[in-house]
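Please open the structure in your viewer and keep the selection panel at hand.

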Amino acid sequence: MWKYLVLIAVFLVILQDTEGVCRLPGKIQTACENKGIILHCGMHQVLHVFDAMYGREDKHTCSRSGKHKSTSCTARNVLKKVKSKCNGRRSCRLRARNSVFGDPCHGTLKYLRVRYECRRRCK
């Protein structure tokens with residue numbers, strides 16, 4: 001029984017960081033190459049991006065023809081770029097373009113995938 005109580009306590013600590021920020025459920029948004037997405041949080045909430053990828057990691061996402069030269073290519077510094085543009089803001093518009101993130105795999109249709117959460121101050 002005490003093991004379950006410890007697990008619950010650890011889970012509650014993970015949900016609240018030391019600055020009094022409450023985490024809300026995470027979200028994932030994907031934009032096919034040359035398309036855009038808008039990351040958006042509700043009132044009194046801000047974006048916190050924790051993962052971002054531009055490239056291709058599978059053959060199904062944003063697949064028009066089903067044929068790709070590569071299913072294992074990712075651009076560098078994508079997370080850093082997305083965080084610098086979006087973190088701490090209520091909303092953020094992103095474009096999935098080679099001109100923004102580089103072209104990690106020529107001849108392959110790429111996509112931008114962003115994992116983020118909205119955070120608010122705890123009362």
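**A guided tour by selection**

Begin with Glu117 and Arg119, whose side chains meet in a salt bridge with an N to O distance of 2.9 Å. The model in view is a predicted one. Glu117 is buried, at a relative accessible area of 9%, and Arg119 also counts as buried, at 13%. Elsewhere, salt bridges with shared partners join Glu33, Asp103 and Lys110 into one network.

Asp103 is partly exposed, at 27%.

Now select Asp51 and Arg115. The closest N and O atoms of this salt bridge are 2.7 Å apart. The pair connects distant parts of the chain, since Asp51 belongs to strand E3 and Arg115 to strand E6, 64 residues apart. Both are partly exposed: Asp51 has a relative accessible area of 28%, and Arg115 one of 27%. In total, the structure holds 5 salt bridges.

Which residues of the largest nonpolar core touch the most other members? Select Leu39, Val78, Val82, Cys86, Leu94, Leu112 and Val114, which hold that place among the 20 residues of the core. Two or more core residues come from each of strand E2 (36–40), strand E3 (45–56), helix H2 (78–86), strand E5 (91–95) and strand E6 (111–121). Centre the view on Val82: leaving aside residues up to four places away in sequence, Val82 touches Val49, Ala52, Asn87, Leu94, Phe101 and Val114.

Two loop residues deserve a separate selection. Most residues other than glycine have a negative phi. His44, in the loop between E2 and E3, has a positive phi of about 60 degrees although it is not a glycine. Cys62, in the loop between E3 and strand E4 (73–74), likewise is not a glycine and has a positive phi, of about 50 degrees. Is each of these residues buried or exposed? His44 counts as exposed, at 69% relative accessibility, whereas Cys62 counts as buried, at 15%.

Finally, select the whole chain and colour it by secondary structure. The chain contains 3 helices and 6 strands, in the sequence order α-β-β-β-β-α-β-α-β. Of its 123 residues, 33% count as buried.

Terms used
Residues numbered from 1 in each chain as written. Predicted model: local features only at pLDDT ≥ 70, side-chain atom pairs only at ≥ 80, totals over all residues. Heavy atoms only, no water. Core = buried A, V, L, I, M, F, W, Y, C linked by side-chain atoms within 4.5 Å. Buried < 20%, exposed > 50% of the residue type's maximum accessible area, 1.4 Å probe, protein only. Helix = DSSP H or I, 4+ residues; strand = E, 2+ residues; numbered from the N terminus. Contact = heavy atoms within 4.5 Å. Salt bridge = Lys/Arg side-chain N within 4 Å of Asp/Glu carboxyl O.
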